[in-house]
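Colleague: I want to learn to read helices and sheets in a model. Please take me through one.

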Amino acid sequence: LDLQAADGVLVPGGFGDRGVQGKILATKYARENRIPFLGICLGMQIAVIEFARSVLGLKDANSTEFDPNTKNPCVIFMPEGSTTHMGGTMRLGSRRTYFQVMDCKSAKLYGNRGFIDERHRHRYEVNPNMVMHLENSGLSFTGKDASGQRMEIVELPNHPYFVGVQFHPEFKSRPGKPSALFLGLIAAACGQLESVLKEDRLSQKIGTGKGGMSNGNKMVKTYQNGSPTKPANGSFDDVYRNCNGVQV
Ligand SMILES: NC(=O)CC[C@H](N)C(=O)O
């Protein structure tokens, strides 16, 4: 895998320690070299572990999923007491994320909404006791659940696009209705994030329901079945057109 050729890095979810070492290296590379990054579920947990190791200097920082005896458990087992999920320990299904600040990339990409509902499938979470330490060193937990104890979105404000989410935006993302965070990753990888964030259209059609982007944003033509030479008519469409088929 040649990371140097990558315009963006997506670290997906996963269970167990297979591939974790490589995911940590890819995340470190993206963070240090300012390559647009999106971490999903385990990918977000990896981003926090990598940051704790490299920036906080906690060399054995880990998830208790991989090292139950770590002295620096920055990701821990946090089962959710739920009468509807009896017997299961997985945090599953739609849960609400509240933005903690509006001046962050994820809130803007979701159209400046106060909260979003996204789907979940995980057992482990960022250790709430380490949040302050991580934030003092530059990570920003821009989305949390209603209790404030479960970290849903993490960002590095001083990076062109470094976003990790505990939820799974892909579950509600559709080719013609992409998730805000995939739009952000692709736009950043194309060097167009600034113009996308400035798009009036991003926030105009929020809450219109049908035809909107998944979780609030507008539908944008993707030309998936159309002519690849169809002319673009705006920066938004450029992003979509240029990135059809692009591997990130
Ligand atoms: N879906 C995932 O990526 C799960 C991440 C992690 N293994 C957890 O259980 O929390």
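Modeller: Start with helix length. The expected span of a helix is 1.5 Å times one less than its number of residues. Helices (H or I, at least four residues) and strands (E, at least two) are DSSP runs, numbered from the N terminus. This is a predicted model: local features need pLDDT of at least 70, side-chain atom pairs count only at pLDDT 80 or more, and totals for chains, interfaces and linings use all residues. Residues are numbered from 1 along each chain as its sequence is written.

Colleague: What span does helix α2 reach from its first C-alpha to its last?

Modeller: Helix α2 (residues 42–54) reaches 18 Å with 13 residues. That is close to the 18 Å expected.

Colleague: How many residues of α2 are buried?

Modeller: Buried means under 20% relative accessible area, with exposed over 50% and partly exposed in between (1.4 Å probe, protein chains only). In α2, twelve of 13 residues are buried. Among them are Met44, Glu50 and Arg53.

Colleague: In what order do the strands of the sheet run?

Modeller: Two strands pair if DSSP finds at least two bridges between them. Here seven strands give an open sheet, ordered β1-β2-β10-β9-β8-β5-β6, with mixed pairing. β1 (9–11) and β6 (115–122) each have a single partner strand, so one side of each lacks a neighbour in the sheet.

Colleague: In which sense do β5 and β6 pair?

Modeller: Antiparallel, over eight bridges; β5 covers residues 91–99. Gly93 has His120 in β6 as its bridge partner.

Colleague: Which strands does helix α1 touch?

Modeller: Contact means heavy atoms within 4.5 Å. Helix α1 (residues 20–32) touches β1, β2 (37–40) and β10 (162–165).

Definitions and conventions
Side-chain values use heavy atoms; hydrogens and water are left out. Axes are lines fitted to C-alpha atoms, for helices over the stretch in contact, and angles run from 0 to 180 degrees between N-to-C directions.
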